[in-house]
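Thanks, everyone. Let's get the model up on the screen and walk through it.

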Amino acid sequence: MTRTALVTGGTGYIGGEVIAQLLDAGWRVHTTVRNVAKSEPRLRARWPDAGDRLSVFQADLMSDDGWAEANAGCDAVAHVASPFPLSVPKHADELVIPAREGTLRALRFAVDAGIDRFVQTSSAAAIAYGQPGKDRFDHTDWTDLTAGVPPYIESKTVAERAARDWVAVHKPDFTFCSINPVVVMGPVASDDLSTSVEILKRLVDGSVPLIPNVGVSIVDVRDVAKMHVLAMEAPAATVRGERFPASESFLWFADMVEIVRRETPEFAGKLPTRRMPDWLVKLLRPFSADFRQLASELGAKRDVSGKHAVDLLGMQYIPAAQSIADTVRSLAAQGIVKN
Ligand code: NAP
């Protein structure tokens, strides 16, 4: 029988790819957006053949309105929506409150609808921060909030902890697990870019004059979506309570620049060529929260292993170099970067 999934945040980079792969796999999909009038036409244009296999509902993380309707008739939930801004907000609560409240709201309404599988889009942000000196991480690690971390990192850690605490207390009939992606790259479907893709766009479009001494673990958006689908379709015993870091490999920004130069030389013209000295980042620290965040990342290696999903779900990751090249080509196809 055809199963129905609710995907929260259908306008987003990851949410959109999860919808695409669920439709491809034969699911019916409900999705929530903040503004149906604005977003439904764009979603219908992306999946013109979906017809009544795709239903769009209006719901905000901060209000109960619309959640019962969105969940009605669903068998599974992928809770993807959460604020992921490019700049650091003044107050952590701007991110922490919607992330936590939205997650608890999604769980509560899922119980009422009688679903059997709940997949939370958490993050490596809930795994790999606040542990100075450690550079390799896996599904058993948790970010230490007592160390003081940036607001987005806090929001994702608090939201995943809140979900797991809620599941432990309420013992719902559904099976819960989380997908914890590192920095997500890969083809974009619109010019509304996720913060993670903005990093690469800025390297390629000349906005970053010097290469800072920082790096990130990378995973492809197609793999992140695939992991959501696998987590929704796998036997309950395989995924119950699990955390699945989604990660292909760690790259320094200098490595990313070299990959763009090698794989997509037609877009290499504006790439930075020189390194940004650490002292310069530190000097700029007092002037913005973004530089303070950058300074806190200098030289930090956070190599997150994605092997747990290989072992339990049979994942095979797209190589990071291919993700980067495909991202750049799709940014060009959207007219966002030019050669
Ligand atoms: P995105 O493109 O910015 O998508 C975020 C989604 O969340 C959008 O659909 C947005 O809706 C929705 N949202 C934000 N605040 C909301 C609110 N108050 N009420 C309802 N919806 C709200 O970012 P993304 O990269 O796809 O991220 C999706 C999820 O993956 C997030 O949970 C993020 O933390 C997680 N994640 C992302 C990465 C990454 O590198 N991209 C890595 C790890 C985890 P609007 O369109 O209305 O703003």
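I'll take the strands first, then the ligand site.

A word on the source: this is a predicted model.

Start with strand β1, residues 4-8. It pairs with β2 in the parallel sense, over five bridges. How do the two strands connect? β1, α1 and β2 make a β-α-β unit, and that unit is right-handed. The next crossover runs from β2 through helix α2, residues 36-46, to β3. This β-α-β crossover is right-handed too.

β2 also pairs with strand β3, residues 54-58. Again the sense is parallel, and there are five bridges. Here threonine 31 has valine 56 in β3 as its bridge partner. How many of the six residues of β2 are buried? Five, so the strand, residues 28-33, is mostly covered.

Next, backbone contacts. A polar backbone atom of tyrosine 13 sits 2.9 Å from an oxygen atom of the ligand. For isoleucine 14, a polar backbone atom is also 2.9 Å from a ligand oxygen. At serine 82, a backbone N or O atom lies 3.3 Å from an oxygen atom of the ligand. As for cover, the ligand alone exposes 880 Å², and the protein buries 86% of that.

Methods: Residues numbered from 1 in each chain as written. Predicted model: local features only at pLDDT ≥ 70, side-chain atom pairs only at ≥ 80, totals over all residues. Heavy atoms only, no water. Polar contact = N/O pair within 3.5 Å; in protein donor to acceptor, adjacent residues only side chain to side chain. Areas by Shrake-Rupley, 256 points an atom, 1.4 Å probe, with all protein chains shown as cover. Buried < 20%, exposed > 50% of the residue type's maximum accessible area, 1.4 Å probe, protein only. Helix = DSSP H or I, 4+ residues; strand = E, 2+ residues; numbered from the N terminus. Pairing = 2+ DSSP bridges. Right-handed = clockwise from strand over helix to strand, strands pointing away.
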